[in-house]
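Open the model in your viewer and keep the sequence panel at hand. This tour gives you a selection at each stop, then tells you what is there.

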Amino acid sequence: EIYSDTWKKDISKQVESDIDSLAEQARSYLSDDGASVEAKLKDFALKLILLGHILDDLPRFKEWTIIKLNNLLDTCQEQPWGFTYLFKLGIVLGQGKVGNKDPSGKVVVAEDQRIGKVLVGEFRHFKDVNTHLWNMQTEVTQKDPNATVNEIASKLVKNGSVAVDADVGRELLLRGFQQYKAEYDKRFHQWNAGHMRQEDLAGELIAQAKRLHPCSADQWTKPVRDSIPSLLAGLAVYFTISKSGESYKRLLSAGSGHGQAVKINTGSSASGASSNAATTLKTETVLQRPHNIQILTMLRLFGFDSDVSTLQNQLMQIRTGEGKSMILGMCSLLLGLLGFRVRCVCYSEYLSQRDYKLFKDMFSAFSVNDRVVYSKITTFSEDQVERKGDIRALTIDLIYRKNL
C-alpha cells in the first residue's frame, strides 16, 4: 500500500476534529438570548453549509456529520425561540440565500445553494419549511378549479370495445368542490377557534359514515354520493390538523401583530446580497392540505358527477407531482369508513410503505386500520392466488396424482 494504516487513521482523526471544530463554532452562535442568536443566524447557517459539504462530499464521515448536525438542530428546537428560529433558518437555506458569493459578490454560488436545499430536505427539523416551500411552488402552478374541470377528458370502454368519449358532469364536480371547500373552511376555523377537538371531529365523521351503512359498489346511492364532499372535507381537515396544526398555531403566535402573516428577516436579498430584506409569509403556507386537483379527482372517482347507482371502475391518470399519495390515502380512509376493505398496490415496496406511513395514524384514529392494506402488486397477486388454496401443496398433490 502507498499509505499506511497509521497515516489513514491520522487523516481520519484530523477530519473528525475539523467536523467537531465546525460544530462547536456553530454552537457558539446559539449561546445567547433569542434576539442575539437571531442576529447571528446567517453566521450559524454558513457553518451548517460547511458541514453540509462534508456530509455531501465525504461519505466516510457522513454518519459523524449527521450526528453533529442533528445535535445542533436539536439544540435549536429545545429553546423557547427554537421554532421561529428554525423556520427562518430553513427559509434562508432552502431559498439559497446564504453561502459564498460568486465573483460578482452578489449571488450565492450554485453549489452552496444546492447544499442549503439538501440540508432542508434531509433533516426533520425543517419539515414545516419543506411544506411552506412546496406550497409556494405549487401555488404558482395550481389551476383554478374551473380550468381544471374544463381540462378533464374521459373515455368509456365496455366489454373490451374501443374507447369512446364519455360525459363529464362538470357542473356537478364544481358544485361538489364548492361544498367541500365550504365544509373544510368551516371545520378548520372551528378547530382554530378552539371549538372543536380532533377526536370530536373523528367521532362525528365515523358516525356520519355509519349512517350510510350498509353500502356497496352495487348500492352507491344518492345519499352516499351527496355525503362525499362533506366526508372528504372532514378527513382533509383532520389530516391538516394532525400533520401541521401545531406548527400553524406556533407560527401564528410568532406573527402577533401581523395577523395571518409573519415577517422573516433573511438578512439577504433574493440575489444573496447583504441587506435588511424581509420575507412576509402567510401562516397558512405551513398547512398540509389537499390541492384542488386532488379533491376533484376524488369527487370523480366516487361518482359525484354521476347519477349511476353503482360505483364505477375508474382508471385515472394523475401526473407526477399532482399527489397520488394524498388521493390514495384519502380514498382508502373514506372507503374504510363506509365499510369497504381496501387494497392499495404499488410496484415499489418503499413507495408503498412511505404512503402507508403518511396515513397510518389516521387509519388508527378512524378505526379502519384492519380494513386497509398497502402492498406491492406482486404481494397482492400472491394473496389472491393463496385465497384459492396452497398452490405449492396443490401442485405437489397433482404431480403425485393425489386427490385435489
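## The whole chain

Begin with everything selected: of the contacts in the protein between residues at least 6 apart in sequence, 70% join residues at least 24 apart. This is a predicted model. Now colour by burial. Buried residues account for 41% of the 404 residues.

## Stop one: a helix pair

Select residues 222-254, which form helix α11, and residues 349-365, which form helix α14. Two packed helices are described by the angle between their axes and the distance between the axes. Here the angle is about 115 degrees and the axes are 11 Å apart. The crossing of α11 past α14 is right-handed.

Show side chains at the contact. From α11 come Leu235, Tyr238, Phe239, Ser242 and Lys243. They meet Lys357, Leu358, Phe359, Met362 and Ala365 of α14. Sorted by class, this contact has seven nonpolar, one polar and two charged residues.

## Stop two: on either side of the pair

Step back to proline 214, in the loop between α10 (198-210) and α11. Look at the peptide bond that joins histidine 213 to proline 214: what is its omega? Omega is about -10 degrees, and the bond is cis. Most residues other than glycine have a negative phi, and most peptide bonds are trans.

Next, pick serine 367, in the loop between α14 and β6 (372-376). Serine 367 is not a glycine, yet has a positive phi of about 55 degrees. Serine 367 is partly exposed because its relative accessible area is 44%, which falls between the 20% and 50% cut-offs.

## Stop three: glutamate 183

Select residues 170-192, helix α9, and find glutamate 183 within the helix. Is glutamate 183 buried or exposed? Its relative accessible area is 15%, so glutamate 183 is buried, the cut-off being under 20%. Now show what surrounds this side chain. Leaving aside neighbours within four places in sequence, glutamate 183 is in contact with Ser230 and Ala233.

## Stop four: two loops

Move to glycine 303, in the loop between α12 and α13 (324-337). Glycine 303 has 14% relative accessibility and therefore counts as buried.

Then select glutamine 142, in the loop between α7 and α8. At 29% relative accessibility, glutamine 142 is partly exposed. Not counting residues up to four places away in sequence, glutamine 142 touches His291, Asn292 and Ile293. Which separation in space goes with the 180 residues in sequence between glutamine 142 and glutamate 322? The distance is 9.7 Å, C-alpha to C-alpha.

## Last stop: the second largest pocket

Rolling a probe the size of a water molecule over the atoms shows where empty space is left. The second largest pocket holds about 1400 Å³ of space.

Centre the view on Ile152, Ala153, Ser154, Arg300 and Met316, which lie nearest the centre of this pocket among its 43 lining residues. The elements that give two or more residues to the lining are α7 (127-141), α8 (145-151), β1 (155-156) and α12 (292-301). Helix α12 has the largest share, with five residues. Finish by colouring the lining by class: 17 residues are nonpolar, 16 polar and ten charged.

Notes. Residues are numbered from 1 along each chain as its sequence is written. This is a predicted model: local features need pLDDT of at least 70, side-chain atom pairs count only at pLDDT 80 or more; totals for chains, interfaces and linings use all residues. Side-chain values use heavy atoms; hydrogens and water are left out. On a 1 Å grid over the protein atoms alone, a cavity is a set of points where a 1.4 Å probe fits but cannot get out, and a pocket is an open set with protein on both sides within 12 Å along at least five of seven lines; lining residues have an atom within 4 Å of a point. Grid points are joined across faces, edges and corners, and a volume is the space filled by probe spheres set on the points. Helices (H or I, at least four residues) and strands (E, at least two) are DSSP runs, numbered from the N terminus. Ala, Val, Leu, Ile, Met, Phe, Trp, Tyr, Cys and Pro count as nonpolar, Asp, Glu, Lys and Arg as charged, and the others, Gly among them, as polar. Axes are lines fitted to C-alpha atoms, for helices over the stretch in contact, and angles run from 0 to 180 degrees between N-to-C directions. A crossing is left-handed if the near helix is turned anticlockwise from the far one by less than a right angle, and right-handed if clockwise. Contact means heavy atoms within 4.5 Å. Buried means under 20% relative accessible area, exposed over 50%, partly exposed in between (1.4 Å probe, protein chains only).
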